[in-house]
Amino acid sequence: MGFFDKIKTAFQKTSEKISISIVGKKIDENFAQEIEDALIMADVGVETAMELAKKISNRKFSKETTNLEIKRFLADEICAMTKPYEADFFRADLSHNPEIILIIGVNGNGKTTAIAKIANIFKKLGHNPTLVAADTFRAAATEQLSHWAEKLKVDIFVGKDKSDPAGLVYDALKQLKKNNDMALIDTAGRMQNRNDLLDELEKIKRVIKKIDESAPHKTILVLDGLTGQASHNQVEVFQRRIGVDGIIVAKLDGTAKGGAIISLTQKYKIPIFAIGIGENIDDLKSFRADEYSKAIMGI
Ligand SMILES: Nc1nc2c(ncn2[C@@H]2O[C@H](COP(=O)(O)OP(=O)(O)O)[C@@H](O)[C@H]2O)c(=O)[nH]1
Ligand SMILES: [Mg+2]
């Protein structure tokens, strides 16, 4: 499957939800309202959906307007809204050596998988990342990351069972090999006792700063695309306590809530570093507003 086809397939459930309000509908006074409802159902967010519906009303489409024209109109509007949040995360030239990247987020959102995918991309760009298994909370987490390191043939730093994550990160960064120009730090993400987690993350951040005051160079929050808008409150908490430079929305394949990226960007104004559209190692892509807006409109 081609690159764009894969993205289009990932967002198919979302585009079908929106399409119902357009295809075969009479363009009358109810038309904009129906589109607004469908957009809300696709997790676009009430405010944004209202804004888009208003644009549809103001545009005064004639009865002869085709479905495709309306979809194109909406796609263009969505593209303009989300374009400022594209990012150039995957670049061949790194500004720091080592580039220290901290991955945070709630348990099960897709952090560990995202790290493997990120390492794979940077390795292909000629870099030599090391993975840091700082999720010492679950034994399986280290195993999972080790499995990826082996598969990708990248270095990994593993501490002792149940060791202190901040201490582990410090040791890992102290012991980086000369040729490791990137460190990808995996962290634990417990949803309950969230304060413990955030305290621990703050501590990890302080330890990183002891090694390099300018680090972490990127702190990435991983969200679960299946949760849609419901995961947006996580942004607030992590942003306030830890700081977030960019977001990865994982598991967008198969969700009907793909519109949530629009509300996410409009509300928090944080760049989308990448989107996860499958469980395979290659299924992490840069967020591109034109591809995204076309995919969710099914064009
Ligand atoms: N379909 C799909 N599954 C994903 C994606 N990213 C992660 N997963 C799955 O989600 C589950 C949790 O991922 P994991 O990386 O362990 O989450 P973590 O707890 O945040 O580290 C695993 O079963 C992954 O295979 C994605 O983009 N698409
Ligand atoms: Mg994990």
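This is a predicted model: local features need pLDDT of at least 70, side-chain atom pairs count only at pLDDT 80 or more; totals for chains, interfaces and linings use all residues.
User: Why is D283 called buried?

Analyst: The relative accessible area of D283 is 5%, and buried means under 20%, so D283 is called buried. This residue lies in the loop between β7 (272-276) and β8 (284-285), and, leaving aside its neighbours within four places in sequence, D283 is in contact with K6, K117, I275, G276, I277 and G278.

User: What makes the approach of E279 to D283 a polar contact?

Analyst: The backbone nitrogen of E279 and a polar atom of the D283 side chain lie 3.5 Å apart, and a polar contact takes in pairs of N or O atoms within 3.5 Å, so this pair is counted at that limit.

User: Why is S163 called buried, and where is S163 found?

Analyst: S163 is found in the loop between β3 and α8, and its relative accessible area is 19%; since buried means under 20%, that value places S163 among buried residues. The side chain of S163 reaches the backbone oxygen of K160 at 2.7 Å, while T136 and L168 are touched by S163 when residues up to four places away in sequence are not counted.

User: Why is K153 called exposed?

Analyst: K153 has a relative accessible area of 66%, and exposed means over 50%, so the word applies to K153. This residue is found in the loop between α7 (139-152) and β3, and its C-alpha atom is separated by 9.9 Å from that of T130, which is 23 residues apart from K153 along the chain.

User: How do you know that the buried residues of α8 line one face of the helix?

Analyst: The buried residues of helix α8 (residues 165-174) are P165, A166, L168, V169, A172 and L173. Seen down the axis of α8, these residues fall within an arc of 160 degrees, and therefore they line one face of the helix. What covers them includes β1 (99-104), β2 (129-133), β3 (155-158), β4 (182-186) and α9 (194-211).

User: What describes the way helix α5 and helix α12 cross, and which residues make the contact?

Analyst: Two packed helices are described by the angle and the distance between their axes. The axes of α5 (residues 67-82) and α12 (residues 289-296) come within 8 Å and cross at roughly 145 degrees, and the crossing is right-handed. From α5 the contact is made by A75, I78, C79 and T82, and from α12 by A289, D290, Y292, S293, K294 and I296; by class, this contact has 6 nonpolar, 2 polar and 2 charged residues.

Note on methods: Residues are numbered from 1 along each chain as its sequence is written. Chains are lettered from A and ligands numbered from 1 in the order in which they are written. Side-chain values use heavy atoms; hydrogens and water are left out. Axes are lines fitted to C-alpha atoms, for helices over the stretch in contact, and angles run from 0 to 180 degrees between N-to-C directions. Helices (H or I, at least four residues) and strands (E, at least two) are DSSP runs, numbered from the N terminus. A crossing is left-handed if the near helix is turned anticlockwise from the far one by less than a right angle, and right-handed if clockwise. Contact means heavy atoms within 4.5 Å. Ala, Val, Leu, Ile, Met, Phe, Trp, Tyr, Cys and Pro count as nonpolar, Asp, Glu, Lys and Arg as charged, and the others, Gly among them, as polar. Buried means under 20% relative accessible area, exposed over 50%, partly exposed in between (1.4 Å probe, protein chains only). The arc is that of the directions from the helix axis to the C-beta atoms. A polar contact is a pair of N or O atoms within 3.5 Å; within protein, one must be able to donate a hydrogen and the other to accept it, and residues adjacent in sequence count only if both atoms are side-chain atoms.
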